[in-house]
Amino acid sequence: MKAEILFPEVCNLYADVQNIRYLQCCCPELETVETPLHTRPAFLDEEVALVYMGSATEKGLMLAVETLLPFKDEIQAKIDGGQLILLTGNAMDAFSQGVDSDGAWHFDGLGLLPGRAQYTMMKRQNSFFLGTFDTVSGPLDIVGFKSLFGHTYGAPEGNALFNTIRGTG
C-alpha cells in the first residue's frame with residue numbers, strides 16, 4: 001500500500017506529516033512518496049491508496065494551489081473515481097472555493113470542495129476536540145487539538161469523518 005504526502009516542505013505547519021509517520025509505525029509495509037512543491041502529484045500517474053496534505057501558512061496554501069491548479073481536472077477525475085484524500089487543518093481551504101482574510105487579501109482555491117474560508121488573523125481560535133470514529137469493531141475515541149484563524153462557510157453539513165462529542169468538528 002502506498003501513501004503520498006503532498007508538499008511536506010510547506011504543508012507541515014503543526015508537524016502534520018507525523019500523521020503519516022504514525023501510520024508507518026502501525027503499518028510497516030506502508031510505502032510513502034513525498035511530492036515537493038512545483039511537482040506533478042504521483043497519484044495522478046500511479047496507484048496511491050491515500051493522498052495526504054497537512055496544514056500550511058497562507059503563503060504555503062497559495063503555493064499548493066498554484067502547484068495543483070494545472071492538474072485540477074485530473075484531480076477531480078481521480079476523486080470521482082474514489083481516490084482517498086486526507087486533508088488536515090487548513091489544507092482543505094486549498095481545495096475549497098478560496099480564502100478571504102480580514103487583512104484585505106484573498107486567493108482562489110481549486111474549487112473542488114464547496115465553501116469558502118474566512119480568516120480573522122487577530123482572533124486565533126484554539127480548541128480541543130473529542131469525538132469518535134466508526135470502525136468495523138466499534139467506535140474509536142478521537143482526541144485532537146485545533147488552532148485556526150478562520151472557518152469555512154457555505155459547505156454542506158453531514159458526511160463528517162468524525163462524530164463530534166465536544167469541540168468544533
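Trainee: What share of the contacts with a separation of 6 or more in the protein chain comes from residues 24 or more positions apart?
Mentor: First, a caution: this is a predicted model. Take the contacts in the protein chain with a separation of 6 or more. Residues 24 or more positions apart account for a share of 65%.

Trainee: How many helices and strands does the protein chain have?
Mentor: Both kinds of element occur in the protein chain. The count is 4 helices and 11 strands.

Trainee: What percentage of the residues in the protein chain is buried?
Mentor: Buried means under 20% relative accessible area. The protein chain has 169 residues. Of these, the buried part is 37%.

Trainee: How far apart in space are Ala15 and Ser55, C-alpha to C-alpha?
Mentor: In sequence, 40 residues separate Ala15 and Ser55. In space, their C-alpha to C-alpha distance is 8.5 Å.

Trainee: Which residue forms a salt bridge with Glu34?
Mentor: The closest N and O atoms of the pair are 2.6 Å apart. That is a salt bridge because the cut-off is within 4 Å. Glu34 is partly exposed, at 40% relative accessible area. The partner is Arg21.

Trainee: Where do Glu34 and Arg21 lie?
Mentor: They link distant parts of the chain, 13 residues apart. Glu34 is in strand E2 (residues 31-35), and Arg21 is in helix H1.

Trainee: Is Asp108 buried or exposed?
Mentor: Exposed means over 50% relative accessible area. Asp108 has 52%, so the label is exposed.

Trainee: Which residues are linked with Lys2 in a network of salt bridges?
Mentor: The chain's salt bridges number 7. Lys2 belongs to a network of them. The residues linked with Lys2 are Glu31 and Glu46.

Trainee: Which residues make the nonpolar surface patch of about 300 Å²?
Mentor: One member lies in strand E8 (residues 125-135): Leu130. Leu130 is partly exposed, with 35% relative accessible area. The patch is made by Leu130, Val143 and Ile165.

Terms used: Residues numbered from 1 in each chain as written. Predicted model: local features only at pLDDT ≥ 70, side-chain atom pairs only at ≥ 80, totals over all residues. Heavy atoms only, no water. Helix = DSSP H or I, 4+ residues; strand = E, 2+ residues; numbered from the N terminus. Buried < 20%, exposed > 50% of the residue type's maximum accessible area, 1.4 Å probe, protein only. Contact = heavy atoms within 4.5 Å. Patch = residues over 30% accessible without salt bridge, like charges linked within 9 Å, V, L, I, M, F, W, Y side chains within 5 Å. Areas by Shrake-Rupley, 256 points an atom, 1.4 Å probe, with all protein chains shown as cover. Salt bridge = Lys/Arg side-chain N within 4 Å of Asp/Glu carboxyl O.
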